[in-house]
Amino acid sequence: MQTVEEITELRQLRAQLAGPLGFVPTMGYLHAGHISLVELAKRDCASVVVSIFVNPTQFGPSEDLAAYPRDIPADLKLLAAAGVDLVWLPTPEIMYPPGFQTWVEVEQVSQPLEGAQRAGHFRGVSTVVAKLFNAVTPDKAYFGQKDAQQVAVIQQMVRDLNFPLEIVVGATQREAEGLAMSSRNSYLSAEQRQAATVLYRALNAAREAYVAGERSGNRLRAIMRETIAAEPLAEAQYVSCADRASLEELDEITDGALLSMAVYVGKTRLIDNLILTSEK
Ligand code: AMP
């Protein structure tokens, strides 16, 4: 496995890799969720590139950029074991040199949910992902369903800007009790980790109601809120039952709708989601 920092060097090494090329962008502190995306890429593609970059422009001024967990040696071990060909580790100065002034804004899909709580977040995400795509030029790029709105934003950007690649979405990987794997879970105490299972419990409570015939968006949102309210260590920031592509809130729910939420457990902000189907 090779590692590289500079963009010109990345382009040279990338040109030597056999196609099709799969690409998994990450912010590092890797866990089994990230590795599941690498495994999908390995299944589909002759070569796999992973980037590790904690992108400063997608963090708000009061968010956890400085505290965001980092462990590059452990990440490289996991990626080598997973059979990755090339890891790109750009610095903030490489990605945003002095005078940088071009931004990608996906206007509507970036607005609700995470976008409403995290001003500028998706502008940072879409800009850095466009830059990563331009440098790596993958045939397929892999994103986790864990970040459902990010998937919607990137898919819209790929359509609108004609990136010649396919987005592949990998299922959310979870701990035994349903907590979605996340680098941010490392902020949680043992007690908070237990409380954090409430996100999946709330999503499942709404799913069960849907499978039993409930079709009211208001009712499903209320079920999620009530489940979270019953967990003393958790506080809901938003709950949503929306169209999975436009992310507009729905009144009448049908298969394919996206249930999602952001919940504080202590100071840690966690997100989770699932797509409804009426199958039991
Ligand atoms: P991050 O390092 O948090 O930016 O995540 C990098 C990629 O891994 C994104 O596409 C995430 O959606 C994906 N990812 C993060 N957590 C999970 C998970 N638990 N299951 C599947 N994919 C995930």
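This is a predicted model: local features need pLDDT of at least 70, side-chain atom pairs count only at pLDDT 80 or more; totals for chains, interfaces and linings use all residues.

Me: What else is Phe143 in contact with?
Reply: Leaving aside neighbours within four places in sequence, the contacts of Phe143 include Pro25, Leu37, Val129, Phe133, Val151, Ile154 and Ile167. Phe143 also belongs to the largest nonpolar core, which has 42 residues.

Me: Which residues in that core touch the most other members?
Reply: Those are Trp88, Val129, Phe133, Phe143, Ile154, Met157 and Ile167. Elements giving two or more residues to this core include α1, β2, β4 and β8 (258-265), along with α6, β5 and α7. The most comes from α6, with nine residues.

Me: Where does Leu203 belong, then?
Reply: Leu203 is in a second, separate core of 27 residues, which also includes Ala206, Ile228 and Leu270.

Me: Okay, switching to the sheet. What's the strand order?
Reply: The open sheet has six strands in the order β1-β4-β3-β2-β5-β6, with parallel pairing. At the edges are β1 (2-4) and β6, each with a single partner strand, so one side of each has no neighbour in the sheet. On average, neighbouring strands are turned by 25 degrees against each other, direction ignored.

Me: How many bridges are there between β3 and β4?
Reply: Three, in the parallel sense, with β3 covering residues 47-52. One detail to look for there is Val49, whose bridge partner in β4 is Leu86.

Me: Which strands does α1 touch?
Reply: α1 packs on the sheet and touches β1, β2 and β4, and its direction makes about 160 degrees with that of β4. As for α7, this helix packs on the sheet against β5 and β6, at about 170 degrees to the direction of β6.

Me: Last one: at what angle do α1 and α6 pack?
Reply: About 50 degrees, with their axes 9 Å apart. Ile7, Leu10, Arg11 and Arg14 of α1 make the contact with Asn134, Ala135 and Val136 of α6.

Key. Residues are numbered from 1 along each chain as its sequence is written. Side-chain values use heavy atoms; hydrogens and water are left out. A nonpolar core is a set of buried Ala, Val, Leu, Ile, Met, Phe, Trp, Tyr and Cys residues joined through side-chain atoms within 4.5 Å. Buried means under 20% relative accessible area, exposed over 50%, partly exposed in between (1.4 Å probe, protein chains only). Helices (H or I, at least four residues) and strands (E, at least two) are DSSP runs, numbered from the N terminus. Contact means heavy atoms within 4.5 Å. Two strands pair if DSSP finds at least two bridges between them. Axes are lines fitted to C-alpha atoms, for helices over the stretch in contact, and angles run from 0 to 180 degrees between N-to-C directions.
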